Amino acid sequence: MDHTPADWQNAEPLVDRAAPMIDPFGRAVTYLRVSVTDRCDFRCTYCMAENMTFLPKKDLLTLEELDRLCSAFIAKGVRKLRLTGGEPLVRKNIMHLVRGLSRHIGSGLDELTLTTNGSQLARNAAELADCGVRRINVSIDTLDPVKFKTITRWGELDKVMDGIRAAQAAGIHVKLNAVALKDFNEHEIPELMRFAHGEGMDLTLIETMPMGETDEDRTDQYLPLSLVRQRLEEQFTLDDIPYRTGGPARYVEVRETGGRLGFITPLTHNFCESCNRVRLTCTGTLYMCLGQDDAADLRTALRASDDDAYLSAAIDEAISRKPKGHDFIIDRNHRKPAVARHMSVTGG
Ligand code: SAM
Ligand code: SF4
């Protein structure tokens, strides 16, 4: 931990616990992303090394503690909550947490959602829908089963496809996420888009972000989405639209397919000015920015007292340190990640 706040220890109980969280730059924090585990049943080459050392299980917050923390954020104005990871659906008994958090939908929380690799979705989709999950993101970087195995190292495309179908059958709106990777899927993006749009799904493309050591050289994988867009425009008509999902994606509507395509471009276009989110890890560390190392230890505050006032004060202290933006750059000389922790720790 880089920084352990102490201010909450002397905090007076808050009178107005529902006061919105406003950061030093006037941005309201209304979106919490929670990495419920750093573990995963895949080893995507841009995300993890093959032999990852995961956090010791004893350091993890219990599901009850995660519920209490999330509920504290909802009481303080969070309206959208996304469970992610690692792979959220590999955390044992994760559906207990989903079921518990679903009580807030419609009373404080507008949306409970998750980002998943889809491997465990087929058996969980119906229950997710029953818990009020209306939209999910599924990550899929290629439609070729052999390439899928190559990029995920351990994944099976068939299972993910079954998961997508099960989610759709349960009435959940699925959005696909694909990381744009040079020499890997750069020429497959039109096909991915036609597939997604043909099945009634939006597709969002993501630039690789330099987070954590992965065995791969990020400069070899990086593909600017400005180039992807330019190439797509040779075949398709892309109309910019103001559609937003509460995330950093900027959307276009593709005239030929009638579907939506999103671009998440942390490197070519900085999306920080409208950042409304913070990220919680499975050990209770709060990162106020995906691209910075500064963090707050909420686990200590959580365990110090049953009174949520202390937790609330610790959260306020953390929000007061939310930085203006990230400093992602691909370091071409040192070829080191800009942020040492992996995406699977903070959840993307
Ligand atoms: N396991 C789930 C999944 O793959 O959807 C959730 C966690 S994963 C870390 C969340 C998203 O981050 C995925 O869409 C993944 O492709 C993306 N991601 C992982 N590492 C990344 C990186 N270094 N740069 C950009 N996106 C990354
Ligand atoms: Fe796992 Fe998601 Fe990272 Fe792939 S991107 S290794 S599925 S956490």
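Colleague: How far does a polar side-chain atom of Glu87 lie from a nitrogen atom of ligand 1?
Modeller: This is a predicted model, in which local features need pLDDT of at least 70 and side-chain atom pairs pLDDT 80 or more, while totals for chains, interfaces and linings use all residues. Residues are numbered from 1 along each chain as written, chains are lettered from A and ligands numbered from 1 in written order, and side-chain values use heavy atoms, without hydrogens or water. A polar contact is a pair of N or O atoms within 3.5 Å. For Glu87, the distance to the nitrogen atom of ligand 1 is 3.3 Å.

Colleague: Which backbone N or O atom lies 2.7 Å from a nitrogen atom of ligand 1?
Modeller: A polar backbone atom of Gly86 is 3.0 Å from a nitrogen atom of ligand 1. The 2.7 Å distance belongs to a backbone atom of Met209.

Colleague: Where do the buried residues of H6 fall, seen down its axis?
Modeller: Helix H6 (a DSSP run of H or I, at least four residues) spans residues 189-198, and its buried residues (under 20% relative accessible area, 1.4 Å probe, protein chains only) include Ile189, Leu192 and His197. Taking directions from the helix axis to the C-beta atoms, these buried residues lie within an arc of 160°, so they line one face of the helix.

Methods:
Buried means under 20% relative accessible area, exposed over 50%, partly exposed in between (1.4 Å probe, protein chains only). Helices (H or I, at least four residues) and strands (E, at least two) are DSSP runs, numbered from the N terminus. A polar contact is a pair of N or O atoms within 3.5 Å; within protein, one must be able to donate a hydrogen and the other to accept it, and residues adjacent in sequence count only if both atoms are side-chain atoms.
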